[in-house]
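Have a look at the sequence and the fold before reading on.

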Amino acid sequence: MKSSFLSALALLSVSSFSSIADTAPSPIAIAIHGGAGTIEKSRFTPEQEKAYRAKLAEAVEAGYAVLEQGGASLDAINSAINVLENSPYFNAGKGAVYTYEGEHELDASIMDGRTREAGAVAGVKHIENPIDLARLVMTNSVHVMLSGEGAEEFAQQQGIKLVENSVFDTEHRYEALLKAKEKLDKAKAATKDYQAQHQALPTNYKMGTVGAVALDSQGNIAAGTSTGGMTAKRFGRIGDAPIIGAGTFADNDSCAVSATGHGEYFIRYQVASDICARVQYQGKSIDQAGNEVIFGPMFDAGGTGGVIIVDAKGNISMPFNTAGMYRASKSNSTPTYVGIFKDE
């Protein structure tokens, strides 16, 4: 009799646990970044810091709202990146830096972790929201990456209106260009070597990007990245942001990554895909994989920056090897987090 009672109790417990498990909400999560670099508290007025934090919070909440309503991870990261592209605070879209010639050349990419389909645009000058065009390249073209005038011709065919390049003009970015050119001119007087001249620029002139990664309730992850590139860049330079595997990568079997930093290093060390490979093939957590890459051989070689990572369980990691990184995250198991400096 006692045995029958215990068996019945055990079955009831298993049934109750299964019922609870069946009704438990699927994990959803999103993380965003607005660039990494020499971002120190002493450089901000209280008003400036408040404004940056508010914009980061706005972006992560915009993306999370999509996820909370059952939307796709691609839509969530698209929405979040649009907020950042439309802000003059970050080096993407309206806040894009200037090229050496005084123009703006924008790059972006997006990747679907469910299918590993991807789209990217590079060197576009008249696209208000490059991440939108990158997504159209992924869904409506037979290619992965389009560049320059060809990308803009495709944009017009897709119904995207071109804008004047001056739309991206901002006073603080122009001042940065003038300072960069002054440093380059001084370096040019000392050496004819273009590489040496460029290396004379402080690291902050060589980085700045926005991006987002997300997991939706269907278990699909996605990543996207958008940038104005490098201050005073020349010769049609393309960084890591539009390069799948370097600045952006997503695969449901591992993780989604968006990177920000000195792009040449992120390209050479294939940062985004390397992190995901360590997760998939070595069974490492995203914290472990991210830190190994960000503080590994790339860092030893002089590569600076950071990444945001999300996996299929809703875990989030945001390692960086610089003084700061504009970042924010939210999931259905963790509250909204906004950070700028290293010690928070």
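## A strand in the middle of things

β11 pairs with strand β12 (residues 337-341) in the antiparallel sense, over 4 bridges. Strands here are DSSP runs (E, at least two residues), helices are H or I runs of at least four, and both are numbered from the N terminus; two strands pair if DSSP finds at least two bridges between them. Between β11 and β12 there are 5 residues, and the two strands form a hairpin. Within that pairing, Arg327 stands opposite Gly339 in β12. β11 also pairs with strand β1 (residues 29-37), again in the antiparallel sense, over 7 bridges, and there Ala36 stands opposite Met325.

Is β11 (residues 324-331) buried or exposed? 8 of its 8 residues are buried, so the strand is largely enclosed by the rest of the structure. Buried means under 20% relative accessible area, exposed means over 50%, and partly exposed is in between (1.4 Å probe, protein chains only). In a regular strand, side chains alternate between the two faces of the sheet. Both faces of β11 are covered: Gly324, Tyr326, Ala328 and Lys330 are buried on one side, and Met325, Arg327, Ser329 and Ser331 on the other.

## What the model is

This is a predicted model, where local features need pLDDT of at least 70 and side-chain atom pairs count only at pLDDT 80 or more, while totals for chains, interfaces and linings use all residues. Residues are numbered from 1 along each chain as its sequence is written, and side-chain values use heavy atoms, with hydrogens and water left out.

## The nonpolar cores

The largest nonpolar core has 49 residues, and those with the most contacts inside it are Ile30, Ile32, Leu56, Leu133, Tyr326 and Ile340. Such a core is a set of buried Ala, Val, Leu, Ile, Met, Phe, Trp, Tyr and Cys residues joined through side-chain atoms within 4.5 Å. Apart from it lies another core, of 34 residues, with Ala118, Val213, Leu215 and Val293 among them.

Leaving out residues up to four places away in sequence, Ile30 touches a list of residues including Val60, Tyr64, Leu67, Val213, Ile316 and Ala328. A contact means heavy atoms within 4.5 Å.

The buried residues of α5 (148-157) are Gly148, Ala151, Glu152, Phe154 and Ala155. Seen down the helix axis, they fall within an arc of 155 degrees, so they line one face of α5; the arc is that of the directions from the axis to the C-beta atoms. These buried residues pack against β3 (118-124), α4 (130-140) and β4 (145-147). On the other side of α5, Glu149 and Gln157 are exposed. The helix is followed by Gly159, whose phi is positive, near 90 degrees.

Asn165 is found in the loop between α5 and α6 (171-190).

## Aromatic pairs

Rings of Phe, Tyr and Trp (its six-membered ring) pair if their centres lie within 6.5 Å; planes under 30 degrees apart count as stacked, over 60 as edge-to-face and the rest as tilted. By this rule the count comes to 10 aromatic pairs. Tyr98 and Tyr174 form an edge-to-face pair, at 5.4 Å centre to centre with 65 degrees between the planes. Tyr98 lies in the loop between α3 (73-85) and β2 (106-112) and Tyr174 in helix α6, so the pair ties together parts that are 76 residues apart in sequence. Tyr98 is buried at 5% relative accessibility, whereas Tyr174 is partly exposed at 41%.

Phe44, Tyr52, Tyr89, Phe90, Tyr326 and Phe341 form one aromatic cluster.
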